Amino acid sequence: MREALAPYAPPPGSNGWVVAPLFPALVALIWLLPRGHQRPAWPAVLLALASALMGWIAWFEPSGSSLHDLLFSAFSLITIGAGVEMLRQTNPVYAALWFAVVILGTCGLFLLLAAPFLAAATIIVYAGAIIVTFLFVIMLAQQSGHASYDRQSQSPIAACLAAFVVLGTLLFCFEKTFASSRRQQELENRLESLDWAVQEIDRVETTLKSLNGTSSVESPLRDVLGRHASLLAKDADRNNALEQVQGALGEWDKAVVDARLTARLANLRKVVDDFRRQSHQEVQQGLLRRPARPGQAVTGDNYDPAEVAGLGVSLFGQYLWGVEMAGSLLMVAVIGAIAIAPQRAGTPTATRPPGARG
Amino acid sequence: MIAVLHNYLVVGAVLFTLGAIGFLTRRNLLLMVLSAEMMLQGVSLTLVAFGRYHGHFAGQSFTVFVLTVAACEAAIALALIMMLYGSRRTLDVSVWRDLREPSVEPAPMTDPSSHGESVEDQGDGVATGEERRTEVGAHA
């Protein structure tokens, strides 16, 4: 049982303490949600700032570029702060405006992720169209003064608890899976070098056979390789397998007296070491992007991720069908919205007079 | 440009959770829809970060689709809200509790200011529930 669960155990670096910043944030959010009577905001603000600091310590991974880190921190703080502010506003107009700030912060993050077209499109669609329409509807439908249903939220404690359980689970999984992306990358690189090493060993082996026609050295190595061929299939054991194969290489090294073979093995080891050092350097620089594969023009992989042309090629090549579907969906939605929207009171075709009980 | 995937995933998850809390706690129909849009923003951020991580454009393309669906959703939702407002003259979501199944009792609202409405609603619910029960009894 324990062995079966081993691949799912958290890596040694991570622990459950990554969810610790959520507790003060939970208390602060419950305090801040509107409850029908005024409460001083400063204790919750202090708690929220403390949890933001804790979260920054617990979750933030420096990218190596201090400007990028600074911009990321600023934009994410703006986004999350405006989101909280939107939740605690009792006036829906202000809530919609804070939502516009959330959109702007998200667009900043899009820019940092090298998606300038999306940043512009989101600002145009959300801040330009959706929020303005919302404001119109709020103006049309808003009663004078603050409505009672805006001053009091619905079961805030239960809702916050449920949502924070989801958030804690998500953050724990992210910590387990993606914070160790460096380790994962390293593992992949090691696997590549390992494959190469196995091929090289095969080649050396055939050379050895042709040299003296015996298989005296062959059998222990064959055993080791055969045993680890199955291990290679499992991600969790790649490291282990690599180490054991390297150990076997060392033993074999001692057994082989041929100078040419020793030289070739040293070369092999050097190449493997170089590979590992190089991948380690890449990982340390935070270059988490995989190299683009050649000959895949239709997916836009040949383009730099910051280029808008690549997005166009991807949208109108790989996802052309989806674009057509999205256009049809938009048209159907517009027709549906016009059909649903209440007619003006004086129109003779009005099927539903305003004020009728549905 | 350098970007670390994990940071963006955390911000996306936090946005999603804030939107979920807004959707659950707010009683204004408009603000519920806005909170749902905030959840979509969190998802979009996650998609773009993943696309950046893998070095292809699938994440950005999906975000364009998310944007389209969000616009459709806003249009339909606003039309529906205007219709609902036209028939009840309020944006309170708890007024529409009688869309539930008649035999299921709602939890009593603990709001003193809209007490009259909720009591009336519960009365409706109980009445329909009784009706349903008597109907079933008659059939039996």
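**Figure 1. Burial and helical make-up of chain B in the predicted model.** Of the 140 residues in chain B, 58% are buried, where buried means under 20% relative accessible area, exposed over 50% and partly exposed in between, with a 1.4 Å probe and protein chains only. The secondary structure of chain B amounts to 4 helices and 0 strands, in the order α-α-α-α along the sequence; helices (H or I, at least four residues) and strands (E, at least two) are DSSP runs, numbered from the N terminus. Among the contacts in chain B that join residues at least 6 apart in sequence, 57% link residues at least 24 apart, a contact being heavy atoms within 4.5 Å. This is a predicted model, in which local features need pLDDT of at least 70 and side-chain atom pairs count only at pLDDT 80 or more, while totals for chains, interfaces and linings use all residues; side-chain values use heavy atoms, with hydrogens and water left out. Residues are numbered from 1 along each chain as its sequence is written, and chains are lettered from A and ligands numbered from 1 in the order in which they are written.

Figure 2. The mean pLDDT of chain B is 77, and 69% of its residues score at least 70, pLDDT being the predictor's confidence in each residue, from 0 to 100. Within chain B, H1(B) has the highest confidence, at 94, whereas helix H4 (residues 115–139) has the lowest, at a mean of 42. Over residues 112–140 of chain B, pLDDT stays under 50, and the model has 19 contacts beyond four places in sequence for this stretch. For the complex, the predictor gives an ipTM of 0.74 and a pTM of 0.67.

**Figure 3. Surroundings of B:Arg26.** B:Arg26 sits in the loop that links helix H1 (5–25) to helix H2 (29–54) of chain B, and B:Arg26 is buried, with a relative accessible area of 2%. A polar atom of the B:Arg26 side chain lies 2.8 Å from the backbone oxygen of A:Gln89, and the B:Arg26 side chain also reaches the backbone oxygen of A:Met86, at 3.4 Å. Both are polar contacts, that is, pairs of N or O atoms within 3.5 Å in which, within protein, one must be able to donate a hydrogen and the other to accept it, and residues adjacent in sequence count only if both atoms are side-chain atoms. Not counting residues up to four places away in sequence, B:Arg26 touches A:Met86, A:Leu87, A:Arg88, A:Gln89, A:Thr90, A:Asp150 and A:Gln154 of chain A, together with B:Leu31 and B:Met32 of chain B.

Figure 4. The secondary structure of chain A comes to 14 helices and 0 strands, and 38% of its 358 residues count as buried. In H2(A), the buried residues are A:Leu22, A:Pro24, A:Leu26, A:Ala28, A:Leu29, A:Ile30 and A:Leu32, and the buried residues of this helix pack against H3, H4 and H8 of chain A together with H1 of chain B. A:Ala44, which belongs to helix H3 of chain A, is buried at 1% relative accessibility. Not counting residues up to four places away in sequence, A:Ala44 touches A:Ala28, A:Trp31 and A:Leu32; A:Ala44 and A:Leu32, 12 residues apart in sequence, are 6.4 Å apart in space from C-alpha to C-alpha.

**Figure 5. Two loop residues with a positive phi.** Most residues other than glycine have a negative phi. A:Ala114, which is not a glycine, has a positive phi of about 60 degrees; A:Ala114 lies in the loop between helix H5 (92–112) and helix H6 (116–141) of chain A and is buried, with a relative accessible area of 8%. B:Arg89 likewise has a positive phi, near 60 degrees, and is found in the loop between helix H3 (58–88) and H4 of chain B, where B:Arg89 counts as partly exposed at 45% relative accessibility.
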